[in-house]
Amino acid sequence: MSQLRTVQVLGGGAGSSAHVSSLAAGLVARGVQVTVCAPAGSCREHGLPATGARFVAVPRRSDPAAVAALRTACTGADIVHAHGLHAAVRAGIALAGRGIPLVVTWHTRADADGARGRLLRLLERRAARAAAVVLGTSWELVDRARRRGARDARLAPAAIPASRFPDAPDDGKARAELGAVGRPLLVSVAQHGHETLLDAARGWRALDPVPLLAVAGEGPRAGALRRRIAAEGLPVVLAGGPEDIGGLLAAADIAVLSGRGEAGPLLAQEALRLGIPLVAARADGLPELVGEAAELVPYGDAEALSGAVVRLLGDPARREQLAGSGRERAAGWPTEDDTIAHVLSVYDELAQPLTAARG
């Protein structure tokens, strides 16, 4: 069979970006031709030059010009693989009537109330029905895709690149730079629902010493975070982008997740692999991901989140137990090679009818 030609459409989320970087490198190494379509500026940010894939800058928007650019980039492809809801909708529009199979990976679910919630459900239906196969990173997402009308929805846990994990323990430099010497360091990522995280941080001010919370990957929520941190004098610092999570976690005493978003499962995976105790809200398939290897609290419950962190800080034995359970849990997750082999098997399955038709 001639060389398989794939196009990866990326919206820019932290979890999907790490997955696409890993997937692109693995596919190229296996002789697959890979083009990555993503917003301008994300090429180097996500390490795409090192993968050997071709990069095409395509705006994140769904206006006619952006869709036309994506349609051109997909010309001649055997398979198009979109990562995330909005990327899937754009790809579905661009591929309409062209007969090119669309694979969609859902890394997380989008939730909102009112009119925005109705719009998101509509987009999910469009994405699910446009796809030949929907791959969900948790059974929760697989079931959601089926409810939205997916013809074929399958579980496909996405391993994150091993290169994101530090090879050696933190030497204290990160803690010193953050101002966390002699005090506990908590690490989180900015997500939808970060208000709960900051509500919890108010309770930690009563501890002695006061823990410092470092939040990475703040993105478009940085302004709101900074304003509230300053107004309330919270023991919180904003500490860089998603690419900094691995280094921060290597220095952390506890990882904390309060909300929803692609960066949450990414941080959870890294925390468990590194043996960092995790406190997290029950969201984004995290119970399925971490099992009993983390302290889970109800989503949106700042008091429960704060209390779980306080208990862990005062219980070294429980922290040690969670560290061991986390490493054990992570050892059973699919590897990058497993993930790439599974995706490639889906591509081959979809490409066979096309090959027969051309022959």
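Buried, in this report, means under 20% relative accessible area, while exposed means over 50% and partly exposed covers what lies in between (1.4 Å probe, protein chains only). Helices (H or I, at least four residues) and strands (E, at least two) are DSSP runs, numbered from the N terminus.

The model is predicted, so please read it with its thresholds in mind: local features need pLDDT of at least 70, side-chain atom pairs count only at pLDDT 80 or more, and totals for chains, interfaces and linings use all residues. Residues are numbered from 1 along each chain as its sequence is written, and side-chain values use heavy atoms, with hydrogens and water left out.

Let's start with α4. The buried residues of this helix are Leu85, Ala87, Ala88, Val89, Arg90, Ala91, Gly92, Ala94 and Leu95. That makes 9 of the 11 residues of α4, so the helix is largely enclosed by the rest of the structure. Its buried residues are covered by elements that include β1, α3, β4, β5 and α5; contact here means heavy atoms within 4.5 Å. Just after α4, Gly97 has a positive phi of about 80°.

A nonpolar core is a set of buried Ala, Val, Leu, Ile, Met, Phe, Trp, Tyr and Cys residues joined through side-chain atoms within 4.5 Å. In soluble globular proteins, nonpolar side chains tend to be buried together. Here the largest such core has 34 residues, and Val9, Leu70, Val80, Ala82 and Trp106 have the most contacts inside it. Two or more residues each come from β1 (5-10), α3 (64-73), β4 (79-83), α4 (85-95), β5 (102-106), α5 (114-130) and α6 (139-147). Of these, α4 gives the most, with 7 residues.

Which residues does Ala82 touch, leaving aside those up to four places away in sequence? They are Val9, Ala87, Ala88, Ala91, Leu102, Val103, Val104 and Thr105. There is also a second, separate core of 33 residues, which includes Val187, Ala216, Leu289 and Val290.

**Helix α6**

Leu141, Val142, Arg144 and Ala145 are buried in α6. Viewed down the axis of α6, the buried residues fall within an arc of 165° (taken from the directions from the helix axis to the C-beta atoms), so they line one face of the helix. They pack against β5, α5, β6 (133-136) and β7 (153-155). Just after α6, Gly149 adopts a positive phi of about 105°.

Two strands pair if DSSP finds at least two bridges between them.

Ser188 has Val215 in β9 as its bridge partner.

**Salt bridges**

A salt bridge is a side-chain nitrogen of Lys or Arg within 4 Å of a carboxyl oxygen of Asp or Glu. The whole structure holds 13 of them, including these:

| Pair | N to O distance |
|---|---|
| Glu349 and Arg154 | 2.7 Å |
| Asp253 and Arg175 | 3.2 Å |
| Asp199 and Arg202 | 3.6 Å |

Glu349 and Arg154 make a salt bridge that links distant parts of the chain: Glu349 is in helix α15 (residues 336-358) and Arg154 in strand β7, 195 residues apart. Glu349 is partly exposed at 39% relative accessibility, and Arg154 is partly exposed at 21%.

Asp253 and Arg175 also meet in a salt bridge. Asp253 sits in the loop between α10 (245-251) and β11 (254-257), and Arg175 in helix α7 (residues 173-178), 78 residues apart.

Asp199 and Arg202 are 3 residues apart in helix α8 (residues 194-204), so about one helical turn separates them. Asp199 is partly exposed at 28% relative accessibility, and Arg202 is partly exposed at 39%. Salt bridges that share partners join Asp199, Arg202, Arg228 and Glu232 into one network.
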